[in-house]
Amino acid sequence: YVCSTWGNNHFKTFDGDVYQFPGICEYNFASDCRESYKEFSVHIQRALNSHNHPEIQYILITIKDFTVYLRPKLAVVDGRIVKTPYYSSGMLIESNDIYTKVYAKLGLILIWNQEDALMVELDSRFSNHTCGLCGDYNGVPIYNEFISGVASYNSITYGNLQKIRKPNAKCEDPDETQVLPSCNEHRDECERLLTSSAFVDCRLRLNLEMYVQACMQDKCACNGNEDSFCLCSTISEYSRQCSHAGGRPGEWRTQYFC
């Protein structure tokens with residue numbers, strides 16, 4: 001029921017498929033895609049911050065007839081800046097220094113760490129009805145997202161298809177022929193970090209291999225720079241998803257690590 005994006009352009013669909021997509025336009029993250037009345041949509045736009053790391057700049061949510069625009073430390077509803085907690089017919093927006101959360105009675109919970117990581121949880125009544133970077137929520141990884149009919153997409157082609165067309169948007173599509181580098185190194189280190197005693201309660205709740213692969217890609221992308229973003233963002237995501245799944249991650253951050 002959960003779709004997320006974090007760190008170095010990682011995405012995990014509702015159906016559990018994980019991929020990378022480095023686009024910096026505005027994209028459909030997850031929307032109700034039924035032909036008739038659409039109950040919600042969530043759009044996101046990323047940009048590179050001063051450290052050259054991808055961060056979510058803003059999130060645009062439509063819920064029935066409301067429009068909610070979120071930036072770090074800012075919430076705008078139907079064009080008006082609102083103070084949080086903000087409550088209005090079936091929708092609650094909360095924010096503190098670390099997270100912004102939106103709860104919608106129609107069955108959507110959105111949690112953003114005001115930086116790189118966004119998680120959307122959706123009621124199962126939307127299964128098979130969604131589209132966007134989070135996929136179609138039909139319970140089958142890959143099918144209909146990356147394989148449709150006879151065509152099979154790579155993740156960049158798939159991501160580019162989710163772009164929101166805006167008349168004067170200045171952003172380039174990532175090149176579809178440039179395949180993201182595969183990475184076979186750093187497995188030992190990533191496994192050691194993700195199976196440390198702090199995460200004992202997480203092993204049976206999450207697909208460990210998925211996060212090990214994301215951690216390996218992060219390490220490769222950082223080319224040996226011991227940059228905390230490379231290591232910490234995927235471990236943070238693993239910890240967040242673990243507690244979201246009812247687990248209790250122990251204290252894994254130290255003054256020297258993350």
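Here is a chat about ring pairs and nonpolar cores in a predicted model.

Biologist: Hi! What should I know before reading the numbers?

Modeller: The model is predicted, so local features need pLDDT of at least 70 and side-chain atom pairs count only at pLDDT 80 or more, while totals for chains, interfaces and linings use all residues. Numbering runs from 1 along each chain as its sequence is written, and side-chain values use heavy atoms, leaving out hydrogens and water.

Biologist: Is Phe11 buried or exposed?

Modeller: Buried, at 2% relative accessible area; buried means under 20%, exposed over 50%, partly exposed in between (1.4 Å probe, protein chains only). Tyr19 is buried too, at 7%.

Biologist: And how are Phe199 and Trp252 arranged?

Modeller: They form a tilted pair, 6.1 Å centre to centre and 40° between the planes. Both are buried. Ring pairs also link them with Trp6, Tyr211, Tyr238 and Phe257 into a cluster.

Biologist: Switching topic: which residues touch the most other members of the largest nonpolar core?

Modeller: Phe29, Ile59, Leu70 and Leu110, out of 42 residues. Such a core is a set of buried Ala, Val, Leu, Ile, Met, Phe, Trp, Tyr and Cys residues joined through side-chain atoms within 4.5 Å.

Biologist: What else is there?

Modeller: Another core, of 22 residues, lies apart from it, with Leu194 and Ile235 among them.

Definitions and conventions
Rings of Phe, Tyr and Trp (its six-membered ring) pair if their centres lie within 6.5 Å; planes under 30 degrees apart count as stacked, over 60 as edge-to-face and the rest as tilted.
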